[in-house]
Amino acid sequence: RAVLTTGDMISAQRADTLQREELLTKTRLIQSGIPSGNLQKLNGSEADLVSPDYLAVKEELIRVRHADPQIRFSYVLGQRSDKTLFFIIDSEPPWSEDYSAPGDPYPEASATLLEVFLSGDEITEGPLTDRWGTWVSGIVPITDATTGTVIAVIGTDIDARDWNMQILIACGPAIIGTLLLILLVLIFFYVLDRNEREMKAREESEAVVRESE
């Protein structure tokens, strides 16, 4: 049992780390295609819906969402003066039940996500649960080209079930090897026990023969 747990944990941690690096790479690519100037013209209200800048970024998020089936949501979050977060744009069409309109609050934001607006660091977080489900998320800040201040963050979400399945697939060879080792050990002890029982039965049989003679 200890061998299985240790081997599985090592493989799972390695697979998790690689997946997080890949998720950040995908999120960076999206961020690089969104000029900060486009976002600075938006104010997080319904008025943005007719803005060419809003529509251009929205189209890009939708394109990325459809191009990568692993990504369930892609979105841009802003922060108000009271530190609460709100949606600037998301990748869902307006008729989707998962759609977030410009200005919709995001009260589920974690302390780690809020910290990105101060630190300017890229992060992955999760699995974490919000009203839409349980996700592993890549978060990359979008900064003002002049001041370097974080004006928004771009986020991408992957369903935690898909995430865990990918880790399980990556761990497959290690798990199979460990299970085979355990099976061999069990077979060894089974054969050993059977031989001992056969030897004991033979000794008892020989004793009965000697006694009868």
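Residues are numbered from 1 along each chain as its sequence is written, and side-chain values use heavy atoms, with hydrogens and water left out. Because the model is predicted, local features need pLDDT of at least 70 and side-chain atom pairs count only at pLDDT 80 or more, whereas totals for chains, interfaces and linings use all residues.

Helices (H or I, at least four residues) and strands (E, at least two) are DSSP runs, numbered from the N terminus. Two strands pair if DSSP finds at least two bridges between them. On this basis, 5 strands form an open sheet in the order E2-E1-E5-E4-E3, with antiparallel pairing. E2 and E3 are the edge strands, each pairing on one side only. Neighbouring strands are turned by 35 degrees against each other on average, direction ignored. Axes are lines fitted to C-alpha atoms, for helices over the stretch in contact, and angles run from 0 to 180 degrees between N-to-C directions.

The individual pairings can be followed across the sheet. E1 and E2 are joined in the antiparallel sense over 5 bridges. Val76 has Ile89 in E2 as its bridge partner. The antiparallel pairing of E1 and E5 also comprises 5 bridges. Between E4 and E5 the antiparallel pairing extends over 9 bridges. Ile142 stands opposite Ala152 in E5. E4 and E5 form a hairpin, and 6 residues lie between them. In that turn, Gly148 has a positive phi of about 80 degrees. E5 is mostly covered, with 9 of its 10 residues buried. Buried means under 20% relative accessible area, exposed over 50%, and partly exposed in between (1.4 Å probe, protein chains only).

In helix H4 (residues 111-119), the buried residues are Leu113, Val116 and Phe117. They cover an arc of only 95 degrees around the axis, which puts them on the same side of H4. That arc is taken from the directions from the helix axis to the C-beta atoms. An α-helix has 3.6 residues a turn, so residues three or four places apart point the same way. The face turned away from the buried side of H4 carries the exposed residues Ala111 and Leu118. The cover over the buried residues of H4 includes strands E1 (73-79), E2 (85-90), E3 (123-130), E4 (133-143) and E5 (150-159). Just after H4, Gly120 takes a positive phi of about 75 degrees.

Glu92 sits in the loop between E2 and H4. Glu92 is buried, at a relative accessible area of 6%. Its side chain makes a polar contact with the side chain of Ser96 at 2.9 Å. A polar contact is a pair of N or O atoms within 3.5 Å; within protein, one must be able to donate a hydrogen and the other to accept it, and residues adjacent in sequence count only if both atoms are side-chain atoms. Leaving aside neighbours within four places in sequence, Glu92 contacts Lys58, Arg65, Arg72, Phe73, Asp98 and Tyr99.

A salt bridge is a side-chain nitrogen of Lys or Arg within 4 Å of a carboxyl oxygen of Asp or Glu. The count by this rule is 11 salt bridges. One of them joins Lys58 and Asp90, with the closest N and O atoms 2.9 Å apart. Lys58 lies in helix H3 and Asp90 in strand E2, so the pair ties together parts 32 residues apart in sequence. Both Lys58 and Asp90 are buried.

Arg63 and Glu60 form a salt bridge at 2.9 Å, N to O. Both lie in helix H3, 3 residues apart, about one turn of the helix. Arg63 is partly exposed, at 48% relative accessibility. Glu108 and Arg131 meet in another salt bridge, at 2.8 Å, N to O. This pair links distant parts of the chain, 23 residues apart: Glu108 is in the loop between E2 and H4, and Arg131 in the loop between E3 and E4. Glu108 is partly exposed, at 28% relative accessibility. Salt bridges with shared partners also join Glu22, Lys26 and Asp68 into one network.

How values were computed:
Contact = heavy atoms within 4.5 Å.
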